[in-house]
Each structure stands twice: as C-alpha cells, then as structure tokens.
Amino acid sequence: MFIDSYIVGLMRKEFFDPLNARKTLLVFCCALSCVLFVQYLFRLLCQIKKLPPGPWGVPIFGYLTFIGHEKHTQYMKLAKKYGALFSAKLGAQLTVVISDYKIIREAFKTEEFTGRPHSPLLKTLGGFGIINSEGPLWKDQRRFLHEKLRNFGMTVLGNKKHLMENRIMTEVTELLMTLSAVENKSTDLSRYLSVSVSNVICNIIMSVRFSIEDPKFKRFNWLIEEGMRLFGEIHTIDYIPQIQYLPGNINAKNKIAKNREEMFDFYREIIEEHKKTFKADNIRDIVDAYLAEIEKARAEGRDAELFEGKDHEIQMMQVIADLFSAGMETIKTTLLWLNVFMLRHPDAMRRVQDELDQVIGRNRLPKIEDVPYLPITETTILEVMRISSIVPLATTHSPKSDVVINGYTIPAGSYVVPLINSVHMDPNLWDKPEQFNPSRFLDAEGKVHKPDYFIPFGVGRRRCLGDVLARMELFLFFSSIMHTFTIELPEDEPMPGLKGIIGVTISPQAFRVNLIPRPLQTDLVHMHTVGMY
C-alpha cells in the first residue's frame with residue numbers, strides 16, 4: 001500500500017509537474033537517441049566489416065578529395081595497399097575497384113553485373129542507347145546490333161568479313177593518298193586519322209562520309225570532344241549529387257543537353273533522308289536496319305512494346321551516338337599511340353616494315369587474310385594496346401542486387417570499376433611490364449599468343465560490342481601506314497612522351513611527324529579506283 005502510494009506520488013510529481021515533465025521527456029529522448037545511434041553504428045560497422053577493405057575518408061566527401069585527376073593511378077596505389085578487391089566511399093557513393101583479372105572475369109560473366117550506375121549524369125541520357133541502357137532493353141539491343149553488324153561484315157569468319165574490309169580499305173587508301181600530299185613535311189596525324197576512322201563507322205551506321213575540311217564534320221567532332229570535356233569537368237556530381245545544382249554545374253549540364261540536341265538534329269536529318277529512300281529488300285546500314293525493325297513491329301501490332309516502350313527515334317539517335325563515339329575515339333587514340341611508340345622505338349618499326357616487305361611485297365597493301373603471317377606486326381599492335389591501356393577503368397558496372405565476391409559483400413547500386421590498367425601493368429603477370437616488348441605476345445614457336453589477362457576490350461556480358469571491327473581497323477590502318485611510310489621526328493620537335501592527356505580515353509600529347517615515303521610498285525590511286533588492296 002505504502003509502495004503503491006509512493007509510485008503514484010512520484011508519477012504525479014514527474015509527469016504532471018510541467019517543469020519535471022519536460023526534464024523527463026528530454027532525458028527519455030536523449031536516451032532513445034543514444035540507443036538508436038548505437039544501433040545505427042552497430043549496423044554500419046557490420047556493413048563495413050562485410051565490405052572489401054579500403055581507405056577511410058572525410059565526412060561528406062569520403063575519399064574523393066584524395067583521388068586527384070588521375071583516378072586510375074591512385075586506384076593502382078590503393079590496390080597495392082589493400083589488395084585486388086578494395087572499396088572506398090567517394091562522396092555519397094560506394095565504389096568497389098577490382099584489379100585481379102580472374103575476379104573481373106568471374107564477376108562480369110554474371111547477370112547481376114550487367115547493370116549500369118543510376119548516376120545524375122547518366123540519367124540525362126534517359127536510359128536510351130546501348131552503352132548505358134540495361135535490363136531487357138540492353139539485352140534486346142545488344143542482340144539486335146550484334147546480328148546486324150555481323151551482316152555488314154563485322155565477323156572473323158565467312159565471306160562477309162570482306163565487306164567490312166572493303167569499307168575500311170576505302171578509307172585507308174583515301175588516307176594514304178591524303179598523307180602523300182604532306183610527305184616530308186611536319187604533320188599532325190590526329191586530324192587525318194579522325195576523319196578516316198570516323199568515316200568507317202559513319203559508313204556502317206548511316207552511309208555517310210566526310211572530307212577533312214567538311215564544316216559539318218568539324219562541328220560534329222567538336223561537339224563530341226566538348227561533350228567529353230564537360231562530362232569530365234562535372235563528373236563529381238555522380239558522387240555528390242547535391243552539387244549538380246551549383247551555378248557552374250547547372251550551366252555545364254545545360255550545355256551538354258544543348259550539344260546533344262544539336263547532334264540529334266543532325267541524326268534526324270539522316271534518318272529522314274533514309275526514310276525517303278528506304279527499301280526493305282536493300283538494307284544499307286544500321287539506320288536502315290532500325291527502320292526495318294520499326295516497320296516490322298508496326299505491321300505486327302507491337303510497335304508500342306518495341307524498345308521497351310521508349311521513343312523509337314530517340315533510341316535510334318542515341319544508338320548512333322553511342323556507336324559513333326565508341327567506334328571513333330578509341331581507334332583513333334590507339335593509332336596515335338602506335339605512332340608514338342614507333343617514333344620512340346624505330347627498331348620496332350623497322351622490324352614491322354621488314355616483315356611486311358617479306359610477306360606482302362611492294363605490289364599491294366596488307367589484307368586481313370595476311371594477319372596469321374604477320375606476327376611481328378600483330379604483336380606490335382597488341383603491345384601498344386597493353387602498355388597504353390587507353391581506357392584504364394573500362395566502363396563502370398553496378399550490381400542489381402547484393403553480390404558476394406571472395407567473401408565480401410558488394411551492395412546493390414554500388415559502382416564497380418575493373419582496373420584494366422593494373423592488370424596490364426601487373427609484374428606478376430608480365431615480365432618488366434613498363435618496357436615496350438612486342439615479343440611478349442609470341443610463344444616458343446613464334447606464334448601469337450594472347451593470355452587471359454590481356455583484356456583491352458573488357459570481358460563478360462558487356463564486353464565491347466565492336467572488338468572485331470576495332471581489331472580489323474587497327475591492323476589495316478597501322479600496317480598500311482607502315483608499308484607506305486617511315487615516320488620520323490621533325491627537326492626541333494620534342495620526342496612525344498608517354499604521359500597522356502586524361503579524358504574519356506588517355507590520349508597522347510600533341511605531336512608531329514615527318515612521313516618519309518616508301519613507294520609501292522602500284523599506284524595508290526589505281527588501287528583505290530579498282531578496289532585492289
């Protein structure tokens with residue numbers, strides 16, 4: 001009885017007295033907050049324990065402030081410290097970096113890793129296209145494009161590969177004739193290679209080719225280069241989305257959108273011209289292939305379902321943009337690096353030229369069917385691809401659901417980066433990887449051998465769609481230039497360095513060459529006219 005009275009009195013004092021009630025409520029709230037905070041810390045620590053090891057950062061920015069401009073270089077340092085699988089919080093975004101080729105291969109062959117990041121910059125593309133789409137749309141588009149590109153000759157087997165070879169050689173001979181006009185003069189190869197490589201992919205996509213002085217090409221090229229530059233400038237918003245609303249970032253995003261719309265206007269013109277001349281029994285290029293697919297879907301009453309319900313025209317235009325940017329920039333950049341290494345290693349250039357003279361002779365240019373008989377030429381290309389690693393971080397993947405790799409949990413939605421550069425420069429895989437040595441790709445019998453850890457085109461389900469075309473272009477352009485010219489450093493010009501310019505790709509610093517002719521016994525104009533390559 002006494003105890004009951006005491007408890008009732010205490011409750012009246014604590015809860016009905018306004019001053020005491022406020023104190024009690026404050027104590028209760030503080031205690032509850034402490035409990036919840038401890039529970040949050042406990043869950044956070046449990047999550048962190050499951051993650052791959054990695055560096056700690058600072059509040060809000062995480063480790064982003066320590067990454068610097070050369071992200072791949074910093075990642076390589078972190079990989080040496082934390083291992084082949086590490087994680088870091090960059091701003092609000094968890095990033096997982098993989099530098100072991102076995103783990104990369106194992107992870108990227110799974111369905112879970114076919115996802116793409118849902119970042120602010122990629123959201124501006126609206127999920128259209130082939131590079132940054134995902135799910136059923138990506139699967140359907142990859143299957144569709146793979147089939148159509150094979151029909152146009154992007155294959156290593158069968159007679160159709162000669163269709164693609166002829167497309168490429170048209171541009172190769174055009175390039176060689178143009179370069180003949182500037183032989184023995186100090187020349188920047190970049191502008192010539194840009195238009196030649198662009199014409200190959202433009203011909204496949206939309207049956208269009210440009211001349212080097214074409215104002216439309218210059219504008220087109222400038223828009224792509226500025227777009228890549230702007231993406232590079234504001235990429236931080238992918239990690240700290242809130243800063244996309246700062247005035248400078250808003251202006252850059254608006255400029256990207258405006259440039260994209262200008263490019264789309266050009267693509268619309270091409271599509272409209274194709275519609276006027278379209279014939280279902282004469283598919284000329286990728287644009288025609290899409291028009292045929294759309295027409296077929298309409299005839300079958302499923303046009304509303306085509307492209308997962310997305311706008312047909314926008315999907316076509318974004319695919320054109322994806323194929324063009326991917327098919328031009330990487331090939332041109334690799335060809336420039338090939339010329340840099342030939343300048344720096346004239347003995348390697350002479351070995352390539354001697355092999356070409358012995359196998360091809362001086363009456364014609366190299367063909368795809370010559371590749372098996374030109375191991376020195378092929379391994380020179382492979383070694384430049386390895387040592388330059390122009391896309392060191394490949395493309396970022398994002399798992400659709402939580403995935404466990406090597407005992408660590410990779411959460412859904414995290415950014416997963418394959419560190420290709422680290423694989424290609426790993427001293428445990430390559431003997432003296434920093435040295436230029438094409439013979440590392442030759443086996444004991446002198447045959448070309450590409451090991452599993454040579455992955456310039458990526459691996460897995462999202463492996464580069466155009467790797468066959470890329471290999472054909474690199475061989476035909478490089479071998480033909482080497483067969484027709486010797487490149488030398490102009491007087492008073494510095495030797496180009498190996499420190500590249502970091503953008504979407506790592507490209508060499510601007511350099512110039514002298515093209516010393518190695519005359520063929522057949523006229524280039526005649527070869528170009530009759531198609532005798």
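## The annotated position C464

The UniProt annotation "binding site", taken from an unreviewed entry, covers C464; such annotations may be inferred rather than shown by experiment, and their positions are given in the numbering used here, with feature names shortened. The model is predicted, so that local features need pLDDT of at least 70 and side-chain atom pairs count only at pLDDT 80 or more, while totals for chains, interfaces and linings use all residues. Residues are numbered from 1 along each chain as its sequence is written, and side-chain values use heavy atoms, with hydrogens and water left out.

C464 lies in the loop between α16 (420-424) and α17 (467-484), where helices (H or I, at least four residues) and strands (E, at least two) are DSSP runs numbered from the N terminus. With a relative accessible area of 34%, C464 is partly exposed, a class between buried (under 20%) and exposed (over 50%), for a 1.4 Å probe and protein chains only. When neighbours within four places in sequence are set aside, C464 is in contact (heavy atoms within 4.5 Å) with R142 and F457.

An open sheet of 3 strands has the order β1-β2-β6, with mixed pairing; two strands pair if DSSP finds at least two bridges between them. The edges are taken by β1 (85-90) and β6 (415-418), each of which has a single partner strand, so one side of each is left without a neighbour in the sheet. From one strand to the next the twist averages 25°.

Between β1 and β2 (residues 93-98), which run antiparallel, there are 6 bridges, and F86 has V97 in β2 as its bridge partner. Helix α4 (residues 71-82) lies across β1, β2 and β6 and runs at about 125° to β1.

## The loop residue V58

V58 is found in the loop between α2 (18-50) and α3 (64-67) and is partly exposed, its relative accessible area being 33%. Apart from neighbours within four places in sequence, V58 is in contact with T65 and F66. The C-alpha atoms of V58 and L90, which are 32 residues apart along the chain, are separated by 9.7 Å.

## Packing of α13 against α14

Helix α13 (residues 312-344) packs with helix α14 (residues 346-359) at an angle of about 110°, their axes being 5 Å apart; axes are lines fitted to C-alpha atoms, for helices over the stretch in contact, and angles run from 0 to 180 degrees between N-to-C directions. That makes α13 roughly perpendicular to α14, a description that applies from 65 to 115 degrees. M342, L343 and R344 of α13 meet P346, A348 and M349 of α14 in this contact, whose residues divide into 5 nonpolar, no polar and 1 charged. Here Ala, Val, Leu, Ile, Met, Phe, Trp, Tyr, Cys and Pro count as nonpolar, Asp, Glu, Lys and Arg as charged, and the others, Gly among them, as polar.

Technical notes: Angles under 35 degrees count as roughly parallel, over 145 as roughly antiparallel, 65 to 115 as roughly perpendicular and the rest as oblique.
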